[in-house]
Amino acid sequence: MITTEGLINFGINVVIITIKIAIVLGVTLLHVAYATYFERKVIGHMQVRLGPMRVGPHGLLQPIADGVKLFFKEDVIPENADKVVFYLAPVIFMAAAMVNLSVIPFSYNFVIADINIGLLFVFAIAGLGVYGIFISGWASNSKYAFIGGLRSSAQVISYEIAMGLSLVGVMIMAGSLNLTDIVIAQQNSIFGIFAIPQIVAFVVFVIAAIAETNRTPFDLPEAESELVAGYFVEYSSFRFALFFLGEYIAMFIMSSLGAICFLGGWTLPWYITRVLPFLSYVPPVFWFLIKVYFFIFFYYWIRATVPRYRYDQLMAIGWKILIPVALANIVITGLVKIIL
Amino acid sequence: MDQVEKILETRELNVNMGPQHPATHGVLRLVLDLDGEVVVNVTPYIGYLHRGIEKLGESLSYFQALPLTDRMDYVSAMSNNIGYVVAVEKLFGIEAPERAKFIRTMVGEMSRISNHLLWLATHALDIGAMTVFLYCFREREWILELFEKICGARLTVTYPRIGGVRNDVSQEFLDSLYKFTEEFPSRILEYETLIDQNRIWLKRTVGIGVISAEEAVSWGLTGPTLRGSGVPYDVRKHAPYDAYDRVEFDVPVGSEGDTYDRYRCRMLEMRQSNNIIRQCIEKLPAGPIMAEAPKLVLPPKDKMMAVTHPDQKHAFFIDEKVCKGCGMCLRACPAKAIFGEKKKPHKIKQEFCLGCMNCYVTCKFKALKIIPGGRGLGDEQLAELAKQPIPEEITKATELLAEHFAYVKRGPRVPEGDLYVATEVPKGELGFYFVSDGSGKPYRMRVRAPSFVHAQVLPRLCIGHLVADVIANIGTIDIVLGECDR
Amino acid sequence: MAVVARRISLYPAGIDPKEIAEKIKERFPEEVVEVTEFRDQISVIVKRGKILHICRYLHDDPYMLMDHLQDLSAVDWRGKKDPRFEVIYNLYSIRFRHKIRLKAQVPEDNPRISSVVPIWAGANWHERECFDMFGITFTGHPDLRRILLPEDWEGHPLRKDYPVEGPGPEKEWHGFVEVLSKAKELKPFEWEE
């Protein structure tokens with residue numbers, strides 16, 4: 001039965017959710033724009049150079065200039081490409097990354113959709129992103145893109161297993177799949193963050209997350225030296241930008257997931273607030289972003305430091321090391337959980 | 001059943017890598033047959049940068065062909081120049097003075113360091129280590145600036161000359177170079193902290209592109225590419241040229257013959273080169289920088305230019321009694337200041353004259369008189385001045401200029417014969433084979449380019465490995481396509 | 001893994017090149033045409049027939065061990081010498097540090113010589129280049145194709161009767177003509193007079 005009260009409530013909910021979506025999307029897109037700037041600056045200083053300096057003070061307007069440039073570039077589509085699929089691929093990739101934002105709790109109660117299977121949802125949707133990559137590799141009708149697409153699908157699928165298994169330990173400890181519950185469970189736990197009891201899972205997760213987002217040293221699908229740009233080699237203009245956005249959003253998602261599942265999300269461990277009580281007055285979203293940016297900085301740091309793995313070596317690490325380690329971690333966590 | 005098999009048939013993926021590709025170091029084109037990620041077959045195609053340097057060399061005099069050698073291996077142009085001049089000096093039978101020899105050894109080793117830095121930068125970038133690239137370029141830039149200090153050019157230097165070098169080095173240059181040699185070993189350590197013991201780097205290089213000593217020799221590999229396999233062949237030791245027999249250095253030799261050993265060889269070689277540069281600075285003798293060999297080397301420019309520079313305001317006057325009206329000067333004049341009919345004495349429009357001396361040098365009958373400080377005077381005054389004897393220094397300078405002209409244009413007289421002279425450039429053994437027929441131009445100029453020889457070993461190194469190893473192998477043999485295609 | 005910078009201990013320089021020339025003469029008296037010397041470098045001019053045997057001997061003989069083929073090229077003596085071509089082999093022994101140069105005569109009407117790839121794998125591209133530039137066919141070569149020039153190029157540029165400036169505008173290589181016409185078609189404004 002539809003009541004007036006119900007309708008009004010529904011309307012208010014829609015408005016609130018729309019506002020939340022607008023905030024999250026706006027912030028994320030701005031974040032992506034400045035994540036590129038941040039990356040260039042960080043890597044630049046690590047490599048004894050300055051990074052962007054020309055557009056605006058210290059190159060602050062560089063991301064905007066890049067965006068404008070990408071908008072106005074000619075959109076080249078290969079003659080023999082499978083046109084419909086070619087158009088669709090970047091959209092799938094980007095959408096898959098964006099949808100994940102809906103379940104990320106930025107702060108207590110600040111989440112677009114607080115669903116009970118949050119963690120599984122993230123996996124499911126991140127898995128969909130592979131379709132975007134693979135389809136783009138296929139539709140470009142280029143051998144380089146094809147190899148890149150194949151590599152990427154294989155890589156993402158195998159590392160998703162390792163990542164999923166590494167998070168099972170967290171699920172066991174929190175007793176929930178809801179991301180907000182996981183954070184609250186950490187707050188109530190003795191360690192304050194799961195990264196301490198689940199250190200093994202944490203390491204596995206970080207490695208798998210890097211591979212999942214195709215970053216160095218696991219950036220084989222787009223291995224610049226062999227495959228030029230990998231699956232999106234034939235894309236230009238705004239379609240290229242969509243891939244780019246998708247990659248950075250995926251990076252943001254993975255960093256958020258790491259912050260939520262292992263570093264306590266927007267909360268601080270109790271022992272820190274006990275020692276420094278004034279920190280609890282800082283808005284919680286601030287701590288969340290600090291943790292996320294720590295992860296993102298870590299990504300950049302690795303990129304500036306290490307060479308790239310070879311394809312077979314990458315698969316060997318995924319299947320022969322990470323998955324067995326993650327499995328062992330589950331068994332131990334389960335045993336400990338039963339005993340205690 | 002047949003149909004099913006036909007549908008499920010597998011075949012190799014045929015990938016065309018290059019000539020435009022970020023990792024093929026220029027315009028190398030490789031056609032790869034891939035079975036999944038495994039390379040089944042590689043066919044290199046070269047020649048995209050073929051400029052016919054060997055053919056051009058036959059039509060240019062020995063001196064004119066020198067700048068062509070910069071354009072072969074543009075990464076280490078200095079070494080290529082030295083290779084050329086050493087070979088030509090041997091052919092002419094002249095010796096460069098001691099100071100020039102030490103300078104050449106010094107700049108040759110600088111070139112080796114800059115080449116190895118570029119090699120390390122690109123090799124590391126190919127394997128994915130991005131930061132090493134920029135670190136290496138920082139020091140390479142330093143060396144290029146030093147090159148600029150001695151000869152004004154950074155890449156295509158053309159600094160050595162047949163019989164010596166172009167400029168003398170200043171004390172200021174030596175000081176800054178010495179500072180570089182003091183600083184550089186710590187910089188090498190910086191690169192090594194990034195990759196030397198890095199697990200990923202080791203995984204990507206150890207056991208990749210293995211070639212045994214016998215096989216490497218059979219393929220004609222030279223330089224660090226050969227020494228990585230454990231063969232101690234270095235032209236600087238086997239047949240010393242320039243001052244290499246008077247400086248002390250060791251030759252790094254590997255044992256496994258894989259990409260990692262070749263990488264280590266080059267890293268150690270940079271340290272040795274650094275030592276050689278220091279020794280050269282310390283032992284640099286005083287003295288001339290060009291050999292005393294009239295008509296075989298360029299006449300000293302300072303003596304010539306002091307008098308014959310266009311700024312000296314000379315005028316020229318054609319003696320009507322001597323001039324036969326052959327028209328040679330008329331054609332030689334860039335300013336079209338000479339006019340006149342055939343077989344009648346020519347005249348000079350003094351207001352157009354640039355003082356370039358082209359007419360003076362061209363005249364076979366010595367009809368032209370040089371009048372110092374005569375620019376801007378009228379014809380009659382000049383005719384008056386022309387009767388006076390010309391100062392001796394000017395006649396001498398003009399003689400030298402004529403000699404210079406003939407040397408560059410026609411080339412010196414060289415004994416008949418043929419010889420092959422090898423030098424050790426950063427990439428390996430650079431050999432020049434000259435056949436002289438007694439004229440001023442080589443009858444045949446053959447360049448044995450190390451990159452050309454090294455590139456052919458690619459299929460041997462790559463087949464059976466993965467695609468990513470192809471990139472590592474292209475890097476490890478250190479080729480430059482400008483030299484490969486010539 | 002073990003790379004060491006070490007002072008090369010050189011074996012005393014091996015046999016005097018003149019002696020090598022003598023030994024070749026002794027062993028292949030029919031083949032050697034002439035021995036010349038210029039600036040301490042000895043060249044042995046031989047007939048082309050047994051070049052593979054001579055090379056095999058120099059490579060395998062324990063006192064020669066010419067394991068390093070420094071260079072392989074050719075010279076065109078058009079109108080100066082007969083036979084017209086000479087294929088040049090610069091051989092070096094890394095162990096004994098002695099060297100010798102072989103010159104095999106190849107006539108114009110039948111420019112063939114046996115390939116030395118079975119002895120030195122590195123001769124492969126040198127011989128292909130020789131074939132490309134001089135039109136000398138190396139029998140027994142595994143993969144004799146043009147190397148620097150396009151497959152369908154006409155003429156052999158390093159021959160003395162080939163003009164330096166190329167075949168001229170009328171006989172331009174068709175690939176270049178195609179590229180040129182395509183460029184004019186796509187960017188006509190750049191080609192306007």
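Q: What does Ser43(C) stand opposite?
A: Ser43(C) faces Arg101(C), which belongs to β6(C). Keep in mind that this is a predicted model.

Q: How many bridges join β3 to β6 in chain C, and do they run parallel or antiparallel?
A: Strand β3 (residues 41-47) of chain C and strand β6 (residues 99-106) of chain C are joined by five bridges, and the two run parallel.

Q: OK, and what is the order of the strands in the open sheet?
A: In chain C the order is β2-β3-β6-β5-β4, which makes an open sheet of five strands with mixed pairing.

Q: Which strands stand at the edges?
A: Those are β2 (32-38) and β4 (68-76) of chain C. Each has a single partner strand, so one side of each has no neighbour in the sheet.

Q: What does the twist average?
A: From one strand to the next, the twist averages 20°.

Q: Which helix packs on the sheet?
A: Helix α1 (residues 17-27) of chain C does, touching β2, β3 and β6 of chain C. The direction of α1 makes about 15° with that of β3(C).

Q: New topic: how many residues does the contact take from chain A and chain B?
A: Chain B gives 28 residues and chain A gives 22 residues.

Q: Which elements of chain B give two or more residues to that side?
A: Among them are β1 (13-17), α5 (98-127) and α6 (130-151) of chain B. The largest share, five residues, comes from α6(B).

Q: And how do the residues on the chain B side divide?
A: On the side of chain B that touches chain A, 19 are nonpolar, four polar and five charged.

Notes:
Residues numbered from 1 in each chain as written. Chains lettered and ligands numbered in written order. Predicted model: local features only at pLDDT ≥ 70, side-chain atom pairs only at ≥ 80, totals over all residues. Contact = placed C-beta atoms within 7 Å. Helix = DSSP H or I, 4+ residues; strand = E, 2+ residues; numbered from the N terminus. Nonpolar A, V, L, I, M, F, W, Y, C, P; charged D, E, K, R; others polar. Pairing = 2+ DSSP bridges. Axes fitted to C-alpha atoms, helices over the stretch in contact; angles between N-to-C directions.
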